[in-house]
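Subject: Structure handover

Hello,

I am passing on the structure we spoke about, and below it you will find my notes on what turned up. Please read them with the structure open beside you.

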Amino acid sequence: MPEQPPVSRPVDHLVLPVDSLVSSRERYRKLGFTVAADAQHPFGTENACVFFIDGTYLEPLAIGEREVAEEAARTGNAFVARDLAFRFRRGEGLSAVVFGTRQAAADDEAFRAAGVSGGQPLAFSREMKLPDGRSGIGSFRLSFAADFRAPDFFFFTCQRVNPLPADRSTLEVHENGVTGLAEVILTEPNPTDFQYLLQVASGERRVDAGSFGMRIDTPNVPVSVLTPAGLTAFYGLSSEAGERGLRGAAIRFSVADLGVTERLLAARAVPFIRKADRLIVPKAAGQGVAFIFGD
């Protein structure tokens with residue numbers, strides 16, 4: 001049979017481990033984001049998501065019930081196991097890029113065939129409450145892709161078997177003018193060592209590579225892997241010298257009006273650096289990676 005073409009997958013959301021949802025919510029609100037109500041997973045983690053009108057979102061993730069989470073990890077829950085390992089090594093930060101899919105089971109087969117499986121697939125359901133008081137039960141299937149050489153980062157696909165209520169319009173309006181994700185920025189001294197993993201996880205074969213790193217354009221959001229020198233040259237950010245393995249470095253956001261964003265950050269005494277037409281906010285407690293505002 002002829003080889004099947006890869007399935008191109010859009011970025012769905014980003015996972016950001018935080019010490020607590022209370023401190024994370026405070027930080028995100030200070031930055032001008034609207035934050036959804038807390039939601040609990042059945043395996044001990046909890047989140048307070050930040051949704052955007054482009055359909056993507058951020059998932060600040062905390063441990064709600066440690067004993068439940070540790071038991072889930074012991075019994076093969078790859079999502080929780082990797083989250084706990086990340087917290088042990090890194091604390092807060094950006095731990096995963098999640099791609100949208102309609103066929104999580106097929107993704108798992110593809111990841112295994114490619115030698116990049118990150119563990120057993122996961123199926124679960126959870127409740128979500130909207131600002132208008134409505135609630136619904138969402139059901140999901142996840143399939144994981146990872147590389148042992150990158151213990152601090154992984155990818156997975158997320159299939160919404162039973163989607164949560166669709167009207168999130170009140171949650172998608174942000175004081176800072178953010179409309180969505182513009183770029184996910186990872187770092188590694190030799191980015192192309194992880195080219196194959198990223199190609200398989202995203203389903204995108206085309207890679208733009210240069211002296212400062214590589215970039216894969218998914219259907220909606222580019223994912224870049226920059227060398228430490230590239231991270232400094234483009235964004236004035238630094239990374240741990242000599243450390244190998246993929247690591248989350250920054251998230252770049254599209255904004256409706258950069259002037260609005262700049263005035264809000266200044267009024268709230270949020271430190272930032274202006275570099276060309278972008279505002280760079282260094283990582284802080286509750287915000288484990290740099291945030292970059294502007295296209």
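In helix 6, which covers residues 228–235, the buried residues are G230, L231 and Y235; please keep in mind throughout that this is a predicted model. Just after helix 6 comes G236, which takes a positive phi of about 70°.

Turning to the nonpolar cores, the largest has 52 residues, and those with the most contacts inside it are L58, F155, F291 and F293. If its neighbours within four places in sequence are left aside, F155 is in contact with a list of residues that includes V97, F99, F144, L186, L197 and L246. There is also a second, separate core of 21 residues, with A69, V98, F154 and F156 among them.

Finally, how many disulfides are there? The count comes to 0, taking a disulfide as a pair of cysteine sulfur atoms within 2.5 Å. The sulfur of C49 has its closest cysteine sulfur in C158, and because 10 Å lies between them, they are too far apart for a bond.

Best wishes

Notes
Residues are numbered from 1 along each chain as its sequence is written. This is a predicted model: local features need pLDDT of at least 70, side-chain atom pairs count only at pLDDT 80 or more; totals for chains, interfaces and linings use all residues. Side-chain values use heavy atoms; hydrogens and water are left out. A nonpolar core is a set of buried Ala, Val, Leu, Ile, Met, Phe, Trp, Tyr and Cys residues joined through side-chain atoms within 4.5 Å. Buried means under 20% relative accessible area, exposed over 50%, partly exposed in between (1.4 Å probe, protein chains only). Contact means heavy atoms within 4.5 Å. Helices (H or I, at least four residues) and strands (E, at least two) are DSSP runs, numbered from the N terminus.
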